[in-house]
Amino acid sequence: MRILFITSNRIGDAVLSTGLLGGLMERYPDATFWVACGPLAVQLFENAPRVERIIPMKKEKRAGHWRKLLAAILPRRWDVVVDLRGSATAWLLWTKKRYILKPDHTLHRVVHNARVADFDPPPNPRLWHGAADLAEAERLIPQGRKVLAVGPTAAWPRKMWPVERYAALVARLTAPGGPMEGAYLLVSGGPGEGEICKPVFEAVPKERRIDLVGAELGLTGACFARCALYVGNDSGLMHLAAAAGTPTLGLFGPTSDAQYGPWSSESDGRARALRGERSRDQIIAEEGDAYFGESAVTDVSVDMVEEAAREMLARFPEVA
């Protein structure tokens, strides 16, 4: 049985799609899979079981990336085609079953993805770890080492909680008498974002810093799975942490936590979105939706995040 799975260019959306992919693997235990995704998301699927081929879709002019994808997949006959990008591609293929995502801005993306293939409840996003990444994560974070992970960056600058607030939060949580007294600090971010993260690193002594800024997703996800808590902006790394099973707090302002909050099942509750008094719509109405500019997450106070972090750490003491 052959299944084609077309998912997002963006890391966050690709992470959220892993639940559906995993659900399909369980529904069709004898199937093999091809995955088409953006180049940055390829690492998410490299260790997934029964994935025979991953096709990176690097965006090109005049939809060249779609033409290249079609050239690769058109000669094959498929049993199931899943297109989470809602393109016309699935209609051009020979297949017994098509699942094509249609726009819906009322549902969380995990639920939206799941419903396209009639999954209820929705399968949780997941990570497939490689042996080398697991070994390196164990070296960086050996058993018994307490680690606080933060993600102070985001692709959209206005989604970023002020970096000085991250530094203050880290100082409070790891200070003597704090809930993570003496903990190591793991900082994650994209390539070239080290300077942005510098004030956060400086909140703890150098010997307690774990620098994963610019690290590959496989290693980052394996390290997240060994952390006591993750706090970060609405970003792909936030979704990666939640998919790793890490207790996760996502900080929101000008984006929708209803659609893109960090995901966990209701029975688990390891992920939570935080926002201030204003809704996303209020922030956009008052401040606009420009890409650049000052942070639009200033409604979220350090006190608010500290309180939520303490609650999360108390609820999941086994990882702290």
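**Close-up views of a predicted model**

**View 1. Helix α5 packs against helix α6.** The axes of α5 (residues 163–174) and α6 (residues 194–201) are 7 Å apart, at an angle of about 35°. Axes here are lines fitted to C-alpha atoms, for helices over the stretch in contact, and angles run from 0 to 180 degrees between N-to-C directions. Helices (H or I, at least four residues) and strands (E, at least two) are DSSP runs, numbered from the N terminus. The model is predicted: local features need pLDDT of at least 70, side-chain atom pairs count only at pLDDT 80 or more, and totals for chains, interfaces and linings use all residues. Residues are numbered from 1 along each chain as its sequence is written, and side-chain values use heavy atoms, with hydrogens and water left out. The crossing of α5 past α6 is right-handed; a crossing is right-handed if the near helix is turned clockwise from the far one by less than a right angle, and left-handed if anticlockwise. From α5, Val 163, Tyr 166, Ala 167 and Val 170 meet Ile 196, Pro 199 and Val 200 of α6. Contact means heavy atoms within 4.5 Å. By class, this contact of α5 with α6 has 7 nonpolar, no polar and no charged residues. Ala, Val, Leu, Ile, Met, Phe, Trp, Tyr, Cys and Pro count as nonpolar, Asp, Glu, Lys and Arg as charged, and the others, Gly among them, as polar.

**View 2. Helix α7 crosses helix α8.** The axes of α7 (residues 217–224) and α8 (residues 236–243) come within 8 Å and cross at roughly 50°. That angle makes α7 oblique to α8. Angles under 35 degrees count as roughly parallel, over 145 as roughly antiparallel, 65 to 115 as roughly perpendicular and the rest as oblique. The crossing of α7 past α8 is right-handed. On α7, Leu 217, Thr 220, Gly 221 and Phe 224 make the contact; on α8, Leu 237, Leu 240 and Ala 241 do. The residues of this contact of α7 with α8 divide into 5 nonpolar, 2 polar and no charged.

**View 3. Helix α7 is largely enclosed by the rest of the structure.** In α7, 8 of the 8 residues are buried. Buried means under 20% relative accessible area, exposed over 50%, partly exposed in between (1.4 Å probe, protein chains only). The buried residues of α7 include Gly 218, Leu 219, Ala 222 and Cys 223.

View 4. A disulfide is taken as a pair of cysteine sulfur atoms within 2.5 Å. By this rule the count is 0 disulfides. The sulfur of Cys 223 is 6.8 Å from the closest cysteine sulfur, in Cys 227, too far for a bond. For Cys 197 the closest cysteine sulfur is also in Cys 227, at 15 Å, again too far for a bond. Cys 223 is buried, with a relative accessible area of 0%. Cys 197 is buried, with a relative accessible area of 0%.

**View 5. Phe 45 in its loop.** Phe 45 lies between β2 (32–37) and β3 (51–56). Its relative accessible area is 0%, so Phe 45 is buried. Beyond its neighbours within four places in sequence, Phe 45 is in contact with residues including Ala 14, Leu 21, Val 35, Ile 54 and Trp 128. The C-alpha atoms of Phe 45 and Leu 127 are separated by 8.3 Å, although they are 82 residues apart along the chain.

**View 6. Ile 55 in strand β3.** Ile 55 counts as buried, at 8% relative accessibility. Not counting residues up to four places away in sequence, Ile 55 touches several residues, among them Trp 34, Ala 36, Leu 69 and Ile 73.
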